[in-house]
Amino acid sequence: MFPVTQFPRALCRRVDPDTMFPNLKDAEGIAEARETCVFCPHRAECLEAALSLTPARDAGVRAGTTKEERRKIRRNRAAAARKEQQAIAA
Ligand code: SF4
């Protein structure tokens, strides 16, 4: 599981760790977790760290995104990288 304490000034260190791992069907819980990330100074690096995790290790709300949203970001980035490679090869 992604360590909540990875970043020294992470705002998620100030909340109950369970806050960052809401049930995916709990809209209020997800919103609360997202709010925790809004003003976090580590948001950008947190997102990249979360995106570097394997899907099996990825969990919770990170950088204001859910696991499903991160899955879409990974997929979009992979598609963009493929297009770029195709453009270079053409
Ligand atoms: S962006 Fe959110 S999950 Fe990431 S370190 Fe900050 S508060 Fe924690």
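Predicted model: local features only at pLDDT ≥ 70, side-chain atom pairs only at ≥ 80, totals over all residues.
The protein holds three helices and zero strands. From the N terminus, the order of elements is α-α-α. The C-alpha trace spans about 50 × 30 × 20 Å along its principal axes. Of the 90 residues, 12% count as buried. Contacts were also examined by separation in sequence. Among those between residues at least 6 apart, 49% join residues at least 24 apart.

Helix H3 covers residues 67–89. At 1.5 Å a residue, its 23 residues should span 33 Å. The C-alpha atoms at its ends are 33 Å apart, which agrees with that expectation. Of these 23 residues, the number buried is zero, so H3 lies largely in the open.

The loop between H2 and H3 contains alanine 63. Most residues other than glycine have a negative phi. Phi of alanine 63, in contrast, is positive, near 50°. Alanine 63 has 19 other C-beta atoms within 10 Å. A buried residue needs 20 or more, so alanine 63 counts as partly exposed.

How values were computed. Residues numbered from 1 in each chain as written. Helix = DSSP H or I, 4+ residues; strand = E, 2+ residues; numbered from the N terminus. Expected span 1.5 Å × (residues − 1). Contact = placed C-beta atoms within 7 Å.
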